[in-house]
Amino acid sequence: MPPIAIRTARSRALVSTEPPALTSATALGRWSKLGPYYAMFPVSFAFDVIAKNTRPGDAVIDPFAGRASSIYAAVAQGRTGYGMEIHPVGWLYGRAKLAPAARSWVLNRVDQIARLALEVTDEEVEALPEFYHVCYCDPVLRFLLAAREHLRWETRGVDATLMALILVVLHGKLGQCLSNQMRQGKAMDPAYSVRWWREREMLPPQIEPRAFLRARIEWRYAKGVPALARGHIEWSDSTTALRRVAGLRRAYNFNPFRLLFTSPPYLGVTNYFYDQWLRMWMLRGPAVPTATGEQWQSKFESKAEYRLLLEKVFTGCAEAMNRNAVVYVRTDARQFTRETTLEVLHAAFPRKQVQIVNRPYEKATQTALYGDKTTKPGEIDIIMR
């Protein structure tokens, strides 16, 4: 393979454009952070990369979109965006941010689910494992079971928006979410959780779910909804979805993509499907933590499979990119990931020069918070022009 030309430096701005301020005082800021998600892009970082590496009207692609921070940052700044995400939780967050349903419709749907919750039988509630009864009070359980059965989040915009908002508060800090005390970004093991709660004599909070959700929906919509350009996030496997990109670009009248902006999953760090098992249950998945067994839905512990994933995705992206496009990839700085990602990107984009920006961790990582004490070299940004 030809040598890879690399410059290590601070990233240089292609366009001197300042991204908008992101605060909860504006609709843009309030919707930008919707959805707790593991290893997500910092929203301000996504806005900054879009502002400095594209111009209004450019098209941006992200094949590992997560909760769609990259696509949201693009369409919020007058670009078009197309993302792909294999995880339904991340996809739902992105779907709700890019095209939130009307506030009145979402509130009406909450009322409908609350009425349907009255029809949930005692037998349905009692059939749930012990975890659910220590995690949620009875009215919340009935509401969740009704929402789980009746919300058609896969196809209906209002149901997708409501389900995304339910997932945000499904578990987390006591008093701020529907659950007993839990982490918000990652669902813990059921047996561990029950034992932890019982040792501390912690009962599920007594919450009236309709009023609880209506208050949070009112807050989310209080500043309105953001004015966004055209964007789309597809719930799909990007290794195969990229074959359809040319047809989708025609349908959305996209120009060839001028920026590939993404962060692939990191080798051996987390299993997004297993760690989000409670939100997956809400989306009609199993009631206990379960690995899917499907390809690309694991912890990525096989180096050969990980390399194959990167090859499929970045080769597919290269076929959709404008010849002068910028490639911006944030990834793990560990040796295997760094070298493999560089090699695959060079093979996919052989005529581009490479710049690396080192990004050491400035605070404890999410894996450290979950008990991983190993030293982390941080992340790197690979920029190709």
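Residues are numbered from 1 along each chain as its sequence is written, and side-chain values use heavy atoms, with hydrogens and water left out. Since this is a predicted model, local features need pLDDT of at least 70 and side-chain atom pairs count only at pLDDT 80 or more, while totals for chains, interfaces and linings use all residues.

Side chains of opposite charge can pair when their charged atoms come close. With a salt bridge taken as a side-chain nitrogen of Lys or Arg within 4 Å of a carboxyl oxygen of Asp or Glu, the count comes to 16. One of these sits inside a single helix (helices are DSSP runs of H or I, at least four residues; strands are runs of E, at least two; both are numbered from the N terminus). Here aspartate 48 pairs up with lysine 52, with 3.2 Å between the closest N and O atoms. Both belong to helix α2 (residues 43-53) and are four residues apart, about one turn of the helix. Aspartate 48 is partly exposed at 24% relative accessible area, and lysine 52 is partly exposed too, at 28% (buried means under 20%, exposed over 50%, partly exposed in between; 1.4 Å probe, protein chains only).

Other bridges reach across the chain. Arginine 214 meets aspartate 111, the closest N and O atoms being 3.1 Å apart. This pair links distant parts of the chain, 103 residues apart: arginine 214 is in helix α11 (residues 209-221) and aspartate 111 in helix α5 (residues 103-117). Arginine 214 comes out as partly exposed at 22%, whereas aspartate 111 is buried at 15%.

Arginine 330 and aspartate 381 also form a salt bridge, with their closest N and O atoms 2.7 Å apart. They too link distant parts of the chain, with arginine 330 in strand β6 (residues 321-332) and aspartate 381 in strand β8 (residues 379-384), 51 residues apart. Both residues are buried. Elsewhere, Arg109, Arg156 and Asp159 are joined in a network of salt bridges.

Then there is the surface. Glu123, Glu124, Glu126 and Glu149 gather there in a patch of negative charge. Patch members have over 30% relative accessible area and no salt bridge, and like charges are joined within 9 Å; the place of a Glu charge is taken as CD. Helix α6 (residues 122-126) gives the most to the negative patch, with three residues. Glutamate 123 lies in helix α6 and is exposed, at 57% relative accessible area.

How values were computed:
Patch = residues over 30% accessible without salt bridge, like charges linked within 9 Å, V, L, I, M, F, W, Y side chains within 5 Å. Areas by Shrake-Rupley, 256 points an atom, 1.4 Å probe, with all protein chains shown as cover. Lys, Arg positive; Asp, Glu negative; His and termini not counted.
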